[in-house]
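Subject: Structure handover

Hello,

Here is the structure I said I would pass on. My notes on it come after the model.

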Protein chains: 2
Amino acid sequence: MSILVLGTTALDTVTTPSGRRREMLGGSAVHFAMSASHFTRVDLVAVVGRDFPRRHIDFLRKKGVNVTALTIEDGSTFRWEGAYRGDLNTALTLSTQLGVLSTFRPRIAERQRSIENIFLANVDPDIQRHLLDRMRSPRLVGLDSMNFWIDHKRRSLVRLLKDVDIFVANDAEARSLSGETHLIKAARGLRRMGAPMVVIKKGEHGVFVSFKDCFFCLPAYPVEKIVDPTGAGDTFAGGFMGYLATARKMNDAAIKKAISYGTIMASFNVEGFGVERTARLTKKDIVRRLERFRDIVSF
Amino acid sequence: MSILVLGTTALDTVTTPSGRRREMLGGSAVHFAMSASHFTRVDLVAVVGRDFPRRHIDFLRKKGVNVTALTIEDGSTFRWEGAYRGDLNTALTLSTQLGVLSTFRPRIAERQRSIENIFLANVDPDIQRHLLDRMRSPRLVGLDSMNFWIDHKRRSLVRLLKDVDIFVANDAEARSLSGETHLIKAARGLRRMGAPMVVIKKGEHGVFVSFKDCFFCLPAYPVEKIVDPTGAGDTFAGGFMGYLATARKMNDAAIKKAISYGTIMASFNVEGFGVERTARLTKKDIVRRLERFRDIVSF
């Protein structure tokens, strides 16, 4: 029932219309873990440098995230600096310093090789492949990526698509990898490339899922004040995969419930900088917002 | 229970990736009427020129639309020519010939003045005002407009907002008229300007409604092949207002049902050129798609 997430652990510097934060705890694996840990036990696989603040590791541990596979290497932690303008839909990357990420090879404990639910959050597809090959009995494998890898490591990524159950992409990534403009066709194209289920995240316009003969969609939960959208996609994936990891059956009802949880979790994420908002989230907050969401979209 | 719609009746020439149609039956009042007539009796108020093909009038009549207030004037019918490229989200207007629309003053029968449900579809706000002032006992008044009037007749439009129950706008219009980028704030701004309920249409991204303390949203119904989006907004309004005209109470349940019907009707509209698809729609088609839609968005 637990889930293992491979991805980045970063120090993010972000500027949005709401302000600026320097060197916050961030990264794809962290945002995913902060969200998924509300549903199941999470093992985080990532790398940081010797400069990584001890308090962030303590914080993750306190949140119930297993950090034994968060390796600390000589060198500096992966840093990302970005800014959002206007409608906050697109991040403008100001700088990326890979640091220890450039030579990262995931190291996991023997016990962790048996974890059956796996999420390969955004990181070099060759690292994703390396980790996946070490896993003993994958039951449910999710994959995320980004345009940089679609452009620079397309073959590795396309090969990975054949070995995962769920591919999660935003609209631009789905279009770019499939070569289709129309998103429904893009999802179908990605499924033909190998992933049985495709989840397309459209930011403020919600999400849709294409799986077998089924199609599900939901709008985003209406958030009045978006403070910082960084990590919203990973937070969505955390709720989505975290819920699915606990579901007995992968039927329509479970998938729809997973989409709604992902949506709710992402809506909390954007209400604060970094993991500020998700860090103080209670089960009650989640349940209450899910009920409100159901009320908003049901007819 | 019947509804009176004021708007344009046009001859549309449209080019989309699916092909080209010359001088089709179109216009805001026609698309609205074709949709609303599935829910209630519709009286159409518009003007055409002597060149307007008789068969279009016969067609509307056959579809159950009351055309006694469709006046025929000396001169030529309003013509619009447009093209859609790529993702079909935005129409490129190639030409507009107002013809008899430039001197249009709606003329309605004494009996029609007592119709309680009114939709002021997109046309000059001064013409909308002229018609509204003639109505004896409005119960439910909806208003639509376009960026041209927001830019050129802003004062007339803003005055109208205070005298209607529902303002329907697309995202660009809502932003432009309210001066707010964030759509939820834009909707609230428009409500402060006078309309108790604001409906914001986001095309392929669905729709949301802001009313009292409530907020409702739905994604668009997933249409695989969009043939021609012309009139989708008016078709949405026709389903939305058509359903509300028959609802006993304006409560949350009725509003949500109205949004879902509007969404479904718009999804049919885009599947064919002009009114091709809505013209051969049956009650059974509508009910079946509504059920399918409920299945897609419920969790």
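Predicted model: local features only at pLDDT ≥ 70, side-chain atom pairs only at ≥ 80, totals over all residues.

Chain A is superposed on chain B by a rotation of 180 degrees with 0.1 Å of shift along its axis, and the RMSD is 0.0 Å. This is how a two-fold axis relates two copies. Of the interface residues of chain A, 100% are also interface residues in chain B, so the copies meet through the same surface.

The core

The largest nonpolar core contains 224 residues. The residues with the most contacts inside this core are A:Leu120, A:Phe240, B:Leu120 and B:Phe240. Leaving aside residues up to four places away in sequence, A:Phe240 touches A:Ile166, A:Met197, A:Val199, A:Val209, A:Ile255, A:Ala258, A:Ile259 and A:Gly262.

Strands

In chain B, strand E1 covers residues 3-6. B:Ile3 and B:Val5 point one way from this strand, B:Leu4 and B:Leu6 point the other way, and all are buried. In general, side chains of a regular strand alternate between the two faces of the sheet. E1(B) pairs with two strands that I looked at. With strand E4 (residues 42-49) of chain B, the pairing is parallel and has four bridges; there, B:Val5 has B:Leu44 as its bridge partner. With strand E8 (residues 117-120) of chain B, there are four bridges, and the strands run parallel. In E8(B), B:Asn117 is the bridge partner of B:Ile3.

Chain A has an antiparallel case: strand E2 (residues 10-16) and strand E3 (residues 19-26) are joined by six bridges. A:Asp12 is partnered in E3(A) by A:Met24.

Rings and charges

Over all chains, the structure has 16 aromatic pairs. A:Phe39, A:Tyr243 and A:Tyr261 are linked into a cluster by ring pairs.

- In chain A, the charged end of A:Arg289 sits over the ring of A:Phe268, 3.9 Å from its centre.
- In chain B, the charged end of B:Lys283 sits over the ring of B:Phe39, 5.0 Å from its centre.

A:Arg277 is in helix H10 (residues 276-279) of chain A. Is A:Arg277 buried or exposed? With a relative accessible area of 13%, A:Arg277 counts as buried, because the cut-off for buried is under 20%. Apart from residues up to four places away in sequence, A:Arg277 touches A:Phe268, A:Glu271, A:Gly272 and A:Asp285. A:Phe268 is also the residue whose ring lies under the charged end of A:Arg289.

B:Ile127 belongs to helix H3 (residues 125-134) of chain B and is buried, at 5% relative accessible area. Its contacts, again without residues up to four places away in sequence, are B:Leu6, B:Leu101, B:Phe104, B:Arg105 and B:Pro106. B:Phe104 is 23 residues from B:Ile127 along the chain, and their C-alpha atoms are separated by 7.5 Å. B:Leu6, another of these contacts, is one of the buried residues of strand E1 in chain B.

B:Gly194 lies in the loop between helix H7 (183-192) and strand E11 (197-201) of chain B. B:Gly194 is partly exposed, with 26% relative accessibility. B:Gly194 touches B:Leu161, B:Lys162 and B:Val164, not counting residues up to four places away in sequence.

Regards

Methods:
Residues numbered from 1 in each chain as written. Chains lettered and ligands numbered in written order. Heavy atoms only, no water. Core = buried A, V, L, I, M, F, W, Y, C linked by side-chain atoms within 4.5 Å. Buried < 20%, exposed > 50% of the residue type's maximum accessible area, 1.4 Å probe, protein only. Contact = heavy atoms within 4.5 Å. Least-squares fit on C-alpha atoms with pLDDT ≥ 70 in both. Pairing = 2+ DSSP bridges. Phe/Tyr/Trp six-rings, centres within 6.5 Å; stacked < 30°, edge-to-face > 60°. Lys NZ or Arg CZ within 6 Å of the ring centre and 35° of its normal.
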